[in-house]
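This report describes a two-chain complex. The sequence and coordinates come before the commentary.

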Amino acid sequence: MNTDHNDDQLGPLIRRGWTVPAQSNPNFRTSVWARIEAGRRLPATWSGWLKLNFASVTMYAAASVVLASAGGGYLAASQANRDRDQLIQRYVTSIDPHQRVASSTAP
Amino acid sequence: MKYRWITAGIIAVVALAAGCLAYVCFHRPLPDSVAHAHDSLAWVREEFKLSPEKMAQVEAMHESYELVCADHCQAIADSRKELQRVRDSHASEAEIAAAMTRVTSVDAQCIASTQKHIREIAAVIGGEDGRRYLSIVLPRVASFDHSAPATLDMQKTPTYDGPGRK
């Protein structure tokens with residue numbers, strides 16, 4: 001590898017072979033200003049942000065409330081079923097001598 | 001970004017509150033008198049909301065049957081003990097067979113007696129509720145493992161796993 005920094009041929013070689021094709025971006029200026037504008041529009045308060053995102057926030061809130069309510073209802077129903085089942089078993093044990101003997105001798 | 005987290009937190013709190021509210025609304029807690037007392041008729045009382053006359057009749061029948069049931073319990077225990085004694089004493093095959101026949105006979109008698117009592121209670125309850133009572137209680141008695149060879153210490157386990165099982 002040639003590490004001579006004063007190589008006389010390097011300059012002309014680079015000028016000849018290294019060309020960077022210029023690509024114009026006509027939207028560059030617009031997009032820069034759009035980003036600056038978007039930053040300026042960010043609401044300074046939470047209520048302002050909420051107004052800006054009202055639809056999505058409402059959707060998430062409604063879905064969460066519905067799911068949580070369904071979960072709460074399900075828990076309550078299964079608890080009630082367990083309680084009822086326990087009462088039924090208590091009654092059946094009181095009238096079935098086999099179950100009574102079994103439950104009285106169970107460890 | 002921080003507004004998003006604040007909003008998520010508030011939604012979580014609201015959802016939690018809604019879940020708790022739904023639980024409270026749908027939960028039917030048992031009255032303390034039912035939940036803690038050893039009142040075996042609590043289920044009949046809570047489930048069928050019988051008239052005071054019918055409930056009094058059911059209570060009287062239940063009370064008198066409890067004495068019968070206690071006798072059956074004693075008979076079951078005695079027959080099992082006798083079978084164990086005969087087996088432990090290496091008695092003859094005939095004696096063991098006789099003791100086993102006695103156990104089977106006592107079992108059958110107790111099951112028949114229990115089912116008769118259940119049908120009598122269903123008749124007192126009457127109508128659709130009576131049929132519902134039968135459909136709940138009979139399978140639990142019928143599906144209990146009465147017929148399998150019992151261990152001599154009576155360690156039988158209920159095999160009930162739903163009203164559809166016969």
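## Terms and conventions

A nonpolar core is a set of buried Ala, Val, Leu, Ile, Met, Phe, Trp, Tyr and Cys residues joined through C-beta atoms within 7 Å. A residue counts as buried if 20 or more other C-beta atoms lie within 10 Å of its own, as exposed if 12 or fewer do, and as partly exposed in between, with C-beta atoms placed from the backbone.

This is a predicted model, in which local features need pLDDT of at least 70 and side-chain atom pairs count only at pLDDT 80 or more, while totals for chains, interfaces and linings use all residues. Residues are numbered from 1 along each chain as its sequence is written, and chains are lettered from A and ligands numbered from 1 in the order in which they are written.

## Nonpolar cores

The largest nonpolar core has 16 residues, and those with the most contacts inside it are Y91(A), V92(A), I95(A), W43(B), I118(B), I121(B) and V137(B). At least two residues of this core come from each of α4 of chain A and α3 (42-48), α4, α5 (93-125) and α6 (127-142) of chain B. The most is given by α4(A), with four residues. A second, separate core has eight residues, including V101(A), I76(B), L83(B) and C110(B).

Contact here means that two C-beta atoms, placed from the backbone, lie within 7 Å. Leaving out residues up to four places away in sequence, W43(B) touches L87(A), I88(A), R90(A) and Y91(A).

## Chain folds

Helices (DSSP runs of H or I, at least four residues) and strands (E, at least two) are numbered from the N terminus. Chain A has five helices and zero strands, and 15% of its 107 residues are buried. Chain B has six helices and zero strands; buried residues make up 20% of its 166 residues. Of the contacts in chain B with a separation of 6 or more, 47% join residues 24 or more positions apart.

Helix α1 (residues 2-26) of chain B has 25 residues and spans 36 Å from its first C-alpha to its last, close to the 36 Å expected at 1.5 Å a residue. That expected span is 1.5 Å times one less than the number of residues. A15(B), A18(B), G19(B) and A22(B) are buried in α1(B), and the buried residues of this helix pack against α4 (54-95) of chain A.

In helix α4 (residues 52-88) of chain B lies A77(B). A77(B) is partly exposed because 16 other C-beta atoms lie within 10 Å. A77(B) and V103(B) are 26 residues apart in sequence, with 9.2 Å between their C-alpha atoms.

## Interface

The contact between the chains takes 34 residues from chain A and 44 residues from chain B. On the side of chain A that touches chain B, α3 (46-52), α4 and α5 (97-105) of chain A each supply at least two residues. The largest share of that side, 23 residues, comes from α4(A). By class, the side has 20 nonpolar, 10 polar and four charged residues. Here Ala, Val, Leu, Ile, Met, Phe, Trp, Tyr, Cys and Pro count as nonpolar, Asp, Glu, Lys and Arg as charged, and the others, Gly among them, as polar.

## Confidence

The predictor gives the complex an ipTM of 0.73 and a pTM of 0.64. Within chain B, confidence is highest in α1(B), at a mean of 93, and lowest in helix α2 (residues 32-36), at 64. Over residues 147-166 of chain B, pLDDT stays under 50, and the model has 33 contacts beyond four places in sequence for them.

Technical notes:
pLDDT is the predictor's confidence in each residue, from 0 to 100.
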